[in-house]
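Trainee: I have a new model open and I'd like to learn how to read it. Can you walk me through it?

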Amino acid sequence: MTVDEQLRVFCRDTVDCIDEADLEQKLARSLKEKKPLKIKYGADPSSPHLHLGHTVPLRKLRAIQELGHQIIFLIGDFTARIGDPSQQYQTRPKLGRSEIAKNAKTYQEQVFRILDRKRTKVVYNSAWLDNLKPDDFLSLMSQYTVARILERDDFSRRYKDKKPITLLEFMYPLLQGYDSVELKSDVELGGTDQKFNLLVGRELQRLWNQEPQVVLTLPILEGTDGERKMSKSLGNAIGLEDTPTNMFGGLMSIPDKLIARYFRYLTDTDEKELKALEGGLESGKLHPRKEKARLANCLVSMYHGAGEAARAEAEFDRVFKSGDLPDEIQEYRVKEMKMDLVSLLAKVGLAESKGAARRLIQQGAVEVDRRLEKEPTAVILLNEPRLIRCGKRKFARVSGVTHD
RNA sequence: GGGGAGAUGCCGGAGUGGUCAAACGGACCAGACUGUAAAUCUGGCGCCUUCGGGCUGCGUAGGUUCGAUCCCUACUCUCCCCA
(Lines give C-alpha, C1' and ligand atoms only; values in the text may rest on other atoms or scores of the structure.)
Protein backbone atom coordinates (compact mmCIF):
# COMPACT_ATOMS: atom_id res chain seq x y z
CA MET A 1 0.00 0.00 0.00
CA THR A 2 1.21 3.46 -0.76
CA VAL A 3 2.25 5.94 1.88
CA ASP A 4 -0.84 8.02 1.21
CA GLU A 5 -3.19 5.11 1.57
CA GLN A 6 -1.55 4.05 4.80
CA LEU A 7 -1.65 7.58 6.10
CA ARG A 8 -5.37 7.58 5.57
CA VAL A 9 -5.80 4.41 7.60
CA PHE A 10 -3.69 5.81 10.40
CA CYS A 11 -5.46 9.13 10.58
CA ARG A 12 -9.04 8.27 9.84
CA ASP A 13 -11.24 9.34 12.76
CA THR A 14 -8.33 10.30 14.95
CA VAL A 15 -8.50 13.49 16.96
CA ASP A 16 -4.84 14.40 16.89
CA CYS A 17 -1.99 13.26 14.74
CA ILE A 18 1.20 14.87 15.94
CA ASP A 19 2.44 15.27 13.56
CA GLU A 20 1.41 14.15 10.17
CA ALA A 21 4.62 15.10 8.39
CA ASP A 22 6.61 12.92 10.80
CA LEU A 23 4.26 10.05 10.20
CA GLU A 24 4.48 10.42 6.46
CA GLN A 25 8.24 10.35 6.65
CA LYS A 26 8.27 7.29 8.86
CA LEU A 27 5.86 5.49 6.58
CA ALA A 28 7.89 6.28 3.53
CA ARG A 29 11.02 4.96 5.14
CA SER A 30 9.26 1.88 6.43
CA LEU A 31 8.04 1.15 2.93
CA LYS A 32 11.42 1.67 1.41
CA GLU A 33 13.32 -0.38 3.95
CA LYS A 34 10.53 -2.91 4.31
CA LYS A 35 10.66 -2.40 8.03
CA PRO A 36 7.39 -2.24 9.87
CA LEU A 37 6.80 0.63 12.25
CA LYS A 38 6.64 -0.05 15.95
CA ILE A 39 3.25 0.97 17.25
CA LYS A 40 2.99 1.30 20.98
CA TYR A 41 -0.19 1.01 22.89
CA GLY A 42 -0.23 0.97 26.64
CA ALA A 43 -2.90 -0.56 28.80
CA ASP A 44 -3.32 -0.12 32.46
CA PRO A 45 -4.48 -3.44 33.88
CA SER A 46 -6.25 -1.88 36.83
CA SER A 47 -9.54 -3.36 35.70
CA PRO A 48 -9.63 -6.56 33.69
CA HIS A 49 -12.91 -5.89 32.01
CA LEU A 50 -12.84 -4.40 28.56
CA HIS A 51 -15.82 -2.47 27.32
CA LEU A 52 -16.79 -1.02 23.97
CA GLY A 53 -14.96 2.20 24.76
CA HIS A 54 -11.68 0.30 24.86
CA THR A 55 -12.32 -1.12 21.46
CA VAL A 56 -11.98 2.26 19.77
CA PRO A 57 -8.17 2.34 19.98
CA LEU A 58 -7.96 -1.44 19.68
CA ARG A 59 -9.82 -1.38 16.41
CA LYS A 60 -7.47 1.26 15.14
CA LEU A 61 -4.55 -0.92 16.12
CA ARG A 62 -6.09 -3.80 14.26
CA ALA A 63 -6.38 -1.71 11.13
CA ILE A 64 -2.76 -0.63 11.44
CA GLN A 65 -1.78 -4.21 12.05
CA GLU A 66 -3.44 -5.17 8.78
CA LEU A 67 -1.01 -2.81 7.07
CA GLY A 68 1.81 -4.96 8.34
CA HIS A 69 3.09 -2.84 11.18
CA GLN A 70 4.25 -4.14 14.50
CA ILE A 71 1.92 -3.62 17.42
CA ILE A 72 3.56 -3.50 20.80
CA PHE A 73 0.94 -4.01 23.42
CA LEU A 74 2.37 -2.74 26.63
CA ILE A 75 0.90 -3.85 29.87
CA GLY A 76 1.64 -1.21 32.41
CA ASP A 77 2.05 -3.56 35.31
CA PHE A 78 4.62 -1.31 36.91
CA THR A 79 2.74 1.90 36.32
CA ALA A 80 -0.53 0.35 37.47
CA ARG A 81 0.98 0.37 40.87
CA ILE A 82 0.95 4.13 40.64
CA GLY A 83 -2.35 4.69 38.94
CA ASP A 84 -2.69 6.92 35.92
CA PRO A 85 -4.00 10.27 37.03
CA SER A 86 -5.49 11.01 33.62
CA GLN A 87 -9.05 12.17 33.84
CA GLN A 88 -8.98 11.31 37.45
CA TYR A 89 -10.30 13.73 39.87
CA GLN A 90 -8.89 11.86 42.78
CA THR A 91 -5.91 9.78 43.59
CA ARG A 92 -6.44 6.27 42.39
CA PRO A 93 -6.22 3.30 44.64
CA LYS A 94 -2.98 1.50 44.07
CA LEU A 95 -3.05 -2.14 43.17
CA GLY A 96 -1.02 -5.00 44.46
CA ARG A 97 1.24 -7.05 42.25
CA SER A 98 -0.71 -10.25 42.30
CA GLU A 99 -3.92 -8.50 41.43
CA ILE A 100 -2.26 -6.75 38.53
CA ALA A 101 -0.84 -10.00 37.22
CA LYS A 102 -4.27 -11.57 37.33
CA ASN A 103 -5.89 -8.62 35.61
CA ALA A 104 -3.24 -8.56 32.92
CA LYS A 105 -4.04 -12.11 32.01
CA THR A 106 -7.80 -11.71 31.59
CA TYR A 107 -7.13 -8.43 29.89
CA GLN A 108 -5.08 -10.09 27.18
CA GLU A 109 -7.66 -12.72 26.52
CA GLN A 110 -10.15 -10.03 25.73
CA VAL A 111 -7.77 -7.89 23.75
CA PHE A 112 -7.14 -10.68 21.31
CA ARG A 113 -10.74 -10.76 20.36
CA ILE A 114 -9.85 -7.68 18.39
CA LEU A 115 -6.12 -7.81 17.79
CA ASP A 116 -4.33 -10.47 15.83
CA ARG A 117 -2.36 -12.41 18.40
CA LYS A 118 0.27 -13.51 15.95
CA ARG A 119 1.15 -9.99 14.99
CA THR A 120 1.15 -8.48 18.44
CA LYS A 121 4.03 -8.31 20.82
CA VAL A 122 3.05 -8.13 24.45
CA VAL A 123 5.47 -6.49 26.85
CA TYR A 124 5.36 -5.57 30.51
CA ASN A 125 6.93 -2.33 31.58
CA SER A 126 8.06 -3.80 34.87
CA ALA A 127 10.66 -5.60 32.72
CA TRP A 128 12.71 -2.42 32.58
CA LEU A 129 11.13 -0.14 35.16
CA ASP A 130 11.78 -2.63 37.94
CA ASN A 131 15.45 -2.40 37.13
CA LEU A 132 15.64 1.32 37.00
CA LYS A 133 18.23 2.38 39.53
CA PRO A 134 17.64 5.34 41.82
CA ASP A 135 20.21 7.13 39.75
CA ASP A 136 18.28 6.55 36.52
CA PHE A 137 15.18 7.63 38.31
CA LEU A 138 16.73 10.87 39.36
CA SER A 139 17.98 11.70 35.93
CA LEU A 140 14.57 10.96 34.53
CA MET A 141 13.02 13.29 37.06
CA SER A 142 15.47 16.01 36.22
CA GLN A 143 14.16 16.13 32.66
CA TYR A 144 10.89 17.71 33.55
CA THR A 145 9.83 20.69 35.59
CA VAL A 146 6.99 20.98 38.01
CA ALA A 147 5.44 23.77 36.00
CA ARG A 148 5.44 21.61 32.87
CA ILE A 149 3.71 18.78 34.65
CA LEU A 150 1.34 21.06 36.42
CA GLU A 151 0.24 22.69 33.19
CA ARG A 152 -1.50 19.52 32.34
CA ASP A 153 -5.24 19.84 32.64
CA ASP A 154 -5.96 17.03 35.09
CA PHE A 155 -3.36 18.25 37.48
CA SER A 156 -4.10 21.92 37.21
CA ARG A 157 -7.76 21.29 37.75
CA ARG A 158 -7.13 19.18 40.79
CA TYR A 159 -4.67 21.71 42.01
CA LYS A 160 -7.15 24.54 41.57
CA ASP A 161 -9.86 22.53 43.25
CA LYS A 162 -7.50 21.94 46.13
CA LYS A 163 -7.50 18.20 45.65
CA PRO A 164 -4.47 16.18 46.62
CA ILE A 165 -1.90 15.14 44.06
CA THR A 166 0.84 12.80 45.09
CA LEU A 167 4.39 12.95 43.86
CA LEU A 168 3.93 9.42 42.64
CA GLU A 169 1.28 10.61 40.24
CA PHE A 170 3.55 13.34 39.04
CA MET A 171 5.94 10.64 37.97
CA TYR A 172 3.40 8.74 35.96
CA PRO A 173 3.73 10.64 32.68
CA LEU A 174 7.50 10.40 32.88
CA LEU A 175 7.45 6.67 33.34
CA GLN A 176 5.00 6.20 30.52
CA GLY A 177 7.17 8.41 28.37
CA TYR A 178 10.21 6.46 29.32
CA ASP A 179 8.52 3.31 28.07
CA SER A 180 8.61 4.86 24.62
CA VAL A 181 12.34 5.44 24.95
CA GLU A 182 12.85 1.85 25.98
CA LEU A 183 10.74 0.50 23.13
CA LYS A 184 11.97 3.04 20.57
CA SER A 185 8.39 3.30 19.41
CA ASP A 186 7.56 5.02 16.13
CA VAL A 187 3.95 5.72 16.95
CA GLU A 188 1.99 5.71 20.16
CA LEU A 189 -1.73 5.48 20.25
CA GLY A 190 -4.10 6.47 23.00
CA GLY A 191 -7.31 8.22 23.95
CA THR A 192 -7.43 11.98 23.94
CA ASP A 193 -7.06 11.84 27.71
CA GLN A 194 -3.60 10.40 27.10
CA LYS A 195 -2.40 13.26 24.96
CA PHE A 196 -0.17 14.76 27.59
CA ASN A 197 1.44 11.46 28.50
CA LEU A 198 2.01 10.63 24.86
CA LEU A 199 3.65 13.95 24.24
CA VAL A 200 5.98 13.45 27.16
CA GLY A 201 7.12 10.29 25.42
CA ARG A 202 7.95 12.35 22.36
CA GLU A 203 9.97 14.74 24.41
CA LEU A 204 11.88 12.11 26.33
CA GLN A 205 12.77 10.26 23.16
CA ARG A 206 14.24 13.47 21.85
CA LEU A 207 16.31 13.81 25.00
CA TRP A 208 17.58 10.29 24.49
CA ASN A 209 18.50 11.20 20.93
CA GLN A 210 15.77 9.15 19.38
CA GLU A 211 13.40 10.13 16.66
CA PRO A 212 10.25 11.24 18.48
CA GLN A 213 7.22 9.04 18.19
CA VAL A 214 4.12 10.13 16.34
CA VAL A 215 1.19 10.65 18.66
CA LEU A 216 -2.24 9.51 17.58
CA THR A 217 -5.22 10.18 19.77
CA LEU A 218 -8.70 8.76 19.46
CA PRO A 219 -11.87 10.08 21.01
CA ILE A 220 -13.11 8.82 24.32
CA LEU A 221 -16.39 7.15 23.69
CA GLU A 222 -19.38 8.25 25.74
CA GLY A 223 -21.19 5.59 27.72
CA THR A 224 -24.84 4.64 27.59
CA ASP A 225 -25.81 7.81 29.42
CA GLY A 226 -24.55 9.79 26.44
CA GLU A 227 -22.69 12.23 28.62
CA ARG A 228 -19.77 10.83 30.50
CA LYS A 229 -17.02 8.63 29.16
CA MET A 230 -17.76 4.96 29.13
CA SER A 231 -16.49 3.48 32.31
CA LYS A 232 -17.36 0.52 34.39
CA SER A 233 -17.28 2.48 37.59
CA LEU A 234 -19.75 5.01 36.22
CA GLY A 235 -22.09 2.19 35.40
CA ASN A 236 -22.55 3.30 31.80
CA ALA A 237 -20.39 0.71 30.12
CA ILE A 238 -21.18 -2.15 27.81
CA GLY A 239 -18.67 -4.90 28.44
CA LEU A 240 -17.22 -7.17 25.81
CA GLU A 241 -18.04 -10.04 28.11
CA ASP A 242 -21.64 -8.97 28.58
CA THR A 243 -24.21 -11.55 27.59
CA PRO A 244 -25.75 -11.00 24.15
CA THR A 245 -29.02 -9.99 25.80
CA ASN A 246 -27.42 -7.41 28.03
CA MET A 247 -25.23 -6.09 25.28
CA PHE A 248 -28.21 -5.68 23.02
CA GLY A 249 -30.28 -4.04 25.73
CA GLY A 250 -27.44 -1.77 26.72
CA LEU A 251 -27.04 -0.56 23.17
CA MET A 252 -30.76 0.05 22.88
CA SER A 253 -30.54 2.34 25.86
CA ILE A 254 -28.07 4.80 24.39
CA PRO A 255 -29.48 8.20 23.49
CA ASP A 256 -30.27 8.72 19.83
CA LYS A 257 -27.53 11.26 19.27
CA LEU A 258 -24.94 8.57 19.88
CA ILE A 259 -26.12 6.17 17.18
CA ALA A 260 -23.98 7.50 14.36
CA ARG A 261 -20.99 7.91 16.64
CA TYR A 262 -21.17 4.33 17.79
CA PHE A 263 -21.46 3.16 14.19
CA ARG A 264 -18.42 5.19 13.29
CA TYR A 265 -16.14 4.12 16.07
CA LEU A 266 -17.29 0.64 16.85
CA THR A 267 -18.22 -0.94 13.55
CA ASP A 268 -16.67 -1.37 10.13
CA THR A 269 -19.18 0.85 8.40
CA ASP A 270 -17.56 2.81 5.58
CA GLU A 271 -17.56 6.55 5.27
CA LYS A 272 -20.21 6.77 2.57
CA GLU A 273 -22.66 4.73 4.54
CA LEU A 274 -21.91 6.70 7.70
CA LYS A 275 -22.70 9.95 5.93
CA ALA A 276 -25.97 8.50 4.68
CA LEU A 277 -26.82 7.37 8.18
CA GLU A 278 -26.00 10.72 9.74
CA GLY A 279 -28.02 12.54 7.11
CA GLY A 280 -30.93 10.15 7.37
CA LEU A 281 -31.16 10.45 11.12
CA GLU A 282 -30.85 14.21 10.95
CA SER A 283 -33.63 14.61 8.42
CA GLY A 284 -35.85 12.06 10.09
CA LYS A 285 -35.77 9.78 7.05
CA LEU A 286 -34.35 7.01 9.13
CA HIS A 287 -36.07 5.87 12.28
CA PRO A 288 -33.69 6.05 15.25
CA ARG A 289 -35.19 3.05 16.94
CA LYS A 290 -34.61 0.96 13.83
CA GLU A 291 -31.06 2.17 13.37
CA LYS A 292 -30.31 1.56 16.99
CA ALA A 293 -31.54 -2.00 16.70
CA ARG A 294 -29.34 -2.41 13.64
CA LEU A 295 -26.38 -1.08 15.60
CA ALA A 296 -27.09 -3.40 18.50
CA ASN A 297 -27.44 -6.35 16.18
CA CYS A 298 -24.24 -5.47 14.40
CA LEU A 299 -22.19 -5.23 17.59
CA VAL A 300 -23.62 -8.32 19.21
CA SER A 301 -22.83 -10.18 15.97
CA MET A 302 -19.26 -8.96 16.12
CA TYR A 303 -18.68 -10.26 19.61
CA HIS A 304 -21.08 -13.16 19.91
CA GLY A 305 -21.97 -14.16 16.37
CA ALA A 306 -24.99 -13.50 14.19
CA GLY A 307 -27.07 -16.27 15.74
CA GLU A 308 -26.77 -14.86 19.22
CA ALA A 309 -27.49 -11.38 17.91
CA ALA A 310 -30.73 -12.50 16.29
CA ARG A 311 -31.73 -14.27 19.47
CA ALA A 312 -30.93 -11.23 21.61
CA GLU A 313 -32.93 -8.99 19.34
CA ALA A 314 -35.94 -11.29 19.37
CA GLU A 315 -35.67 -11.51 23.12
CA PHE A 316 -35.47 -7.77 23.49
CA ASP A 317 -38.55 -7.28 21.36
CA ARG A 318 -40.41 -9.91 23.24
CA VAL A 319 -39.58 -8.56 26.68
CA PHE A 320 -39.76 -4.85 26.07
CA LYS A 321 -42.08 -4.45 23.14
CA SER A 322 -44.68 -6.99 24.12
CA GLY A 323 -43.88 -7.25 27.80
CA ASP A 324 -43.31 -10.99 27.68
CA LEU A 325 -40.94 -13.05 29.71
CA PRO A 326 -37.25 -13.27 28.98
CA ASP A 327 -35.72 -16.51 27.81
CA GLU A 328 -33.77 -17.39 30.83
CA ILE A 329 -35.02 -16.85 34.30
CA GLN A 330 -32.91 -17.47 37.32
CA GLU A 331 -34.25 -20.36 39.38
CA TYR A 332 -34.12 -20.47 43.15
CA ARG A 333 -34.86 -23.13 45.68
CA VAL A 334 -35.60 -22.16 49.22
CA LYS A 335 -36.02 -24.32 52.27
CA GLU A 336 -39.37 -22.91 53.28
CA MET A 337 -42.60 -24.08 51.77
CA LYS A 338 -44.16 -20.69 52.23
CA MET A 339 -42.77 -17.24 52.80
CA ASP A 340 -43.99 -13.71 53.04
CA LEU A 341 -43.30 -11.76 49.90
CA VAL A 342 -40.97 -9.23 51.51
CA SER A 343 -38.60 -11.86 52.86
CA LEU A 344 -38.77 -13.79 49.65
CA LEU A 345 -37.67 -10.85 47.51
CA ALA A 346 -34.79 -10.09 49.85
CA LYS A 347 -33.77 -13.72 50.08
CA VAL A 348 -33.46 -14.36 46.36
CA GLY A 349 -31.83 -11.00 45.80
CA LEU A 350 -34.53 -9.33 43.76
CA ALA A 351 -34.48 -6.58 46.36
CA GLU A 352 -31.48 -5.32 48.28
CA SER A 353 -33.10 -5.42 51.68
CA LYS A 354 -36.43 -6.11 53.23
CA GLY A 355 -37.13 -2.41 53.45
CA ALA A 356 -36.39 -2.01 49.76
CA ALA A 357 -38.62 -4.99 48.99
CA ARG A 358 -41.45 -3.44 50.95
CA ARG A 359 -41.16 -0.19 49.06
CA LEU A 360 -41.02 -1.90 45.70
CA ILE A 361 -44.14 -3.85 46.47
CA GLN A 362 -45.95 -0.72 47.53
CA GLN A 363 -44.87 1.00 44.35
CA GLY A 364 -46.45 -1.73 42.29
CA ALA A 365 -43.23 -3.18 40.94
CA VAL A 366 -43.82 -6.75 41.98
CA GLU A 367 -45.78 -9.45 40.25
CA VAL A 368 -46.32 -13.01 41.38
CA ASP A 369 -47.27 -15.43 38.64
CA ARG A 370 -48.02 -12.45 36.41
CA ARG A 371 -50.42 -10.90 38.87
CA LEU A 372 -49.65 -7.59 40.51
CA GLU A 373 -49.15 -7.97 44.24
CA LYS A 374 -49.31 -4.80 46.32
CA GLU A 375 -49.54 -6.39 49.73
CA PRO A 376 -46.13 -6.69 51.44
CA THR A 377 -47.40 -9.19 53.95
CA ALA A 378 -48.80 -11.51 51.30
CA VAL A 379 -47.73 -15.08 51.93
CA ILE A 380 -46.49 -16.98 48.92
CA LEU A 381 -46.97 -20.71 48.86
CA LEU A 382 -44.01 -22.47 47.35
CA ASN A 383 -45.44 -25.90 46.86
CA GLU A 384 -45.00 -25.25 43.18
CA PRO A 385 -42.62 -22.88 41.34
CA ARG A 386 -43.69 -19.25 41.46
CA LEU A 387 -42.70 -16.69 38.91
CA ILE A 388 -41.67 -13.51 40.67
CA ARG A 389 -41.09 -10.31 38.81
CA CYS A 390 -39.59 -7.25 40.40
CA GLY A 391 -39.33 -4.20 38.21
CA LYS A 392 -39.08 -4.38 34.45
CA ARG A 393 -36.17 -6.67 34.10
CA LYS A 394 -35.66 -8.71 37.21
CA PHE A 395 -37.28 -12.10 37.28
CA ALA A 396 -36.92 -15.22 39.35
CA ARG A 397 -38.59 -18.57 39.56
CA VAL A 398 -38.77 -19.71 43.13
CA SER A 399 -39.82 -23.00 44.56
CA GLY A 400 -39.62 -24.67 47.94
CA VAL A 401 -37.64 -27.81 48.46
CA THR A 402 -40.09 -30.65 48.65
CA HIS A 403 -38.19 -32.95 50.92
CA ASP A 404 -34.72 -33.09 52.35
C1' G B 1 9.42 24.42 61.09
C1' G B 2 5.23 28.28 62.00
C1' G B 3 0.05 29.83 61.18
C1' G B 4 -4.94 28.93 59.29
C1' A B 5 -9.12 25.94 57.15
C1' G B 6 -11.47 21.38 56.69
C1' A B 7 -13.13 15.80 56.82
C1' U B 8 -21.13 14.71 56.24
C1' G B 9 -24.77 9.32 52.93
C1' C B 10 -22.70 6.30 46.07
C1' C B 11 -20.83 11.52 44.52
C1' G B 12 -21.18 16.88 45.05
C1' G B 13 -22.93 19.82 48.95
C1' A B 14 -26.23 22.25 53.22
C1' G B 15 -26.64 21.88 58.43
C1' U B 16 -23.41 24.04 63.65
C1' G B 17 -26.76 21.32 70.81
C1' G B 18 -32.94 18.58 70.60
C1' U B 19 -38.06 19.64 65.47
C1' C B 20 -31.68 15.42 61.64
C1' A B 21 -31.95 9.32 58.87
C1' A B 22 -29.73 14.61 57.83
C1' A B 23 -31.91 20.35 52.89
C1' C B 24 -30.69 20.71 47.61
C1' G B 25 -28.48 18.60 43.04
C1' G B 26 -26.50 14.36 40.48
C1' A B 27 -26.26 9.00 40.25
C1' C B 28 -29.36 4.89 41.24
C1' C B 29 -34.31 2.11 41.71
C1' A B 30 -39.64 1.88 40.75
C1' G B 31 -44.41 3.64 38.43
C1' A B 32 -46.80 6.20 34.26
C1' C B 33 -45.83 7.30 29.33
C1' U B 34 -43.02 5.81 24.79
C1' G B 35 -39.80 3.82 19.49
C1' U B 36 -36.07 1.32 23.79
C1' A B 37 -33.39 0.02 29.46
C1' A B 38 -33.91 7.38 25.61
C1' A B 39 -36.67 12.03 26.97
C1' U B 40 -40.48 13.71 30.34
C1' C B 41 -43.53 13.45 34.69
C1' U B 42 -44.42 11.02 39.64
C1' G B 43 -42.67 8.33 43.76
C1' G B 44 -38.58 6.08 46.32
C1' C B 45 -33.51 6.03 47.80
C1' G B 46 -29.40 3.31 55.89
C1' C B 47 -31.17 -1.44 58.46
C1' C B 48 -35.25 -3.91 61.04
C1' U B 49 -40.51 -3.53 62.02
C1' U B 50 -46.59 -6.68 64.45
C1' C B 51 -46.15 0.27 60.81
C1' G B 52 -46.80 2.35 66.92
C1' G B 53 -41.82 2.49 66.48
C1' G B 54 -36.73 0.29 67.25
C1' C B 55 -31.50 0.29 65.86
C1' U B 56 -26.98 2.00 63.40
C1' G B 57 -25.01 6.61 61.36
C1' C B 58 -22.10 12.68 59.77
C1' G B 59 -12.92 10.94 59.52
C1' U B 60 -11.00 7.62 64.26
C1' A B 61 -10.86 7.21 69.68
C1' G B 62 -12.37 9.30 74.03
C1' G B 63 -15.00 13.32 76.94
C1' U B 64 -18.83 17.28 78.35
C1' U B 65 -24.34 17.16 78.39
C1' C B 66 -30.77 14.78 80.20
C1' G B 67 -29.48 14.95 74.85
C1' A B 68 -24.13 15.84 70.20
C1' U B 69 -23.39 15.72 62.94
C1' C B 70 -23.13 20.31 65.71
C1' C B 71 -19.14 21.71 72.08
C1' C B 72 -14.09 19.81 74.20
C1' U B 73 -9.39 16.61 73.85
C1' A B 74 -6.15 13.45 71.22
C1' C B 75 -5.16 11.03 66.73
C1' U B 76 -5.33 10.25 61.24
C1' C B 77 -5.82 12.49 56.57
C1' U B 78 -6.43 16.77 53.16
C1' C B 79 -6.14 21.90 51.53
C1' C B 80 -4.22 27.00 51.98
C1' C B 81 -0.59 30.81 53.59
C1' C B 82 4.42 31.77 55.46
C1' A B 83 9.51 29.62 55.97
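**Reading the model together**

Mentor: Let's start with one pair: Lys40 stands opposite Ile72 in β3. Before going on, note that this is a predicted model, where local features need pLDDT of at least 70, side-chain atom pairs count only at pLDDT 80 or more, and totals for chains, interfaces and linings use all residues. Residues are numbered from 1 along each chain as its sequence is written, while chains are lettered from A and ligands numbered from 1 in the order in which they are written.

Trainee: Which strands pair over 6 bridges, and in what sense?

Mentor: Strands are DSSP runs (E, at least two residues), as helices are (H or I, at least four), numbered from the N terminus. Two strands pair if DSSP finds at least two bridges between them. Here β2 (residues 38–43) and β3 (residues 70–75) run parallel, with 6 bridges.

Trainee: What is the strand order in the open sheet?

Mentor: Its 6 strands go β1-β6-β5-β2-β3-β4, and the pairing is mixed. β1 (16–18) and β4 (120–124) are at the edges with a single partner strand each, so one side of each has no neighbour in the sheet.

Trainee: Which helix lies across β2, β3 and β5?

Mentor: For angles, axes are lines fitted to C-alpha atoms, for helices over the stretch in contact, and the angles run from 0 to 180 degrees between N-to-C directions. Contact means that C-beta atoms, placed from the backbone, lie within 7 Å. The helix is α9 (residues 167–183), at about 150 degrees to β2.

Trainee: Which residues of α12 are buried?

Mentor: Buried means 20 or more other C-beta atoms within 10 Å of a residue's own, again placed from the backbone. In α12 (residues 259–266) these are Ile259, Ala260, Tyr262, Phe263 and Leu266. They sit on the same side of α12 because they cover an arc of only 165 degrees around the axis, the arc being that of the directions from the helix axis to the C-beta atoms. They pack against α3 (52–66), α13 (271–283) and α14.

Trainee: Which residues come nearest to RNA strand B?

Mentor: A residue is near a strand if its C-beta atom, placed from the backbone, lies within 6 Å of it. Of the 36 residues around RNA strand B, the nearest are Pro164, Gly249, Ser253, Ala365 and Gly391.

Trainee: Which element gives the most to that surface?

Mentor: That's α17, with 6 residues.

Technical notes
Two residues are in contact if their C-beta atoms, placed from the backbone, lie within 7 Å. A residue is buried if 20 or more other C-beta atoms lie within 10 Å of its own, exposed if 12 or fewer, and partly exposed in between; C-beta atoms are placed from the backbone.
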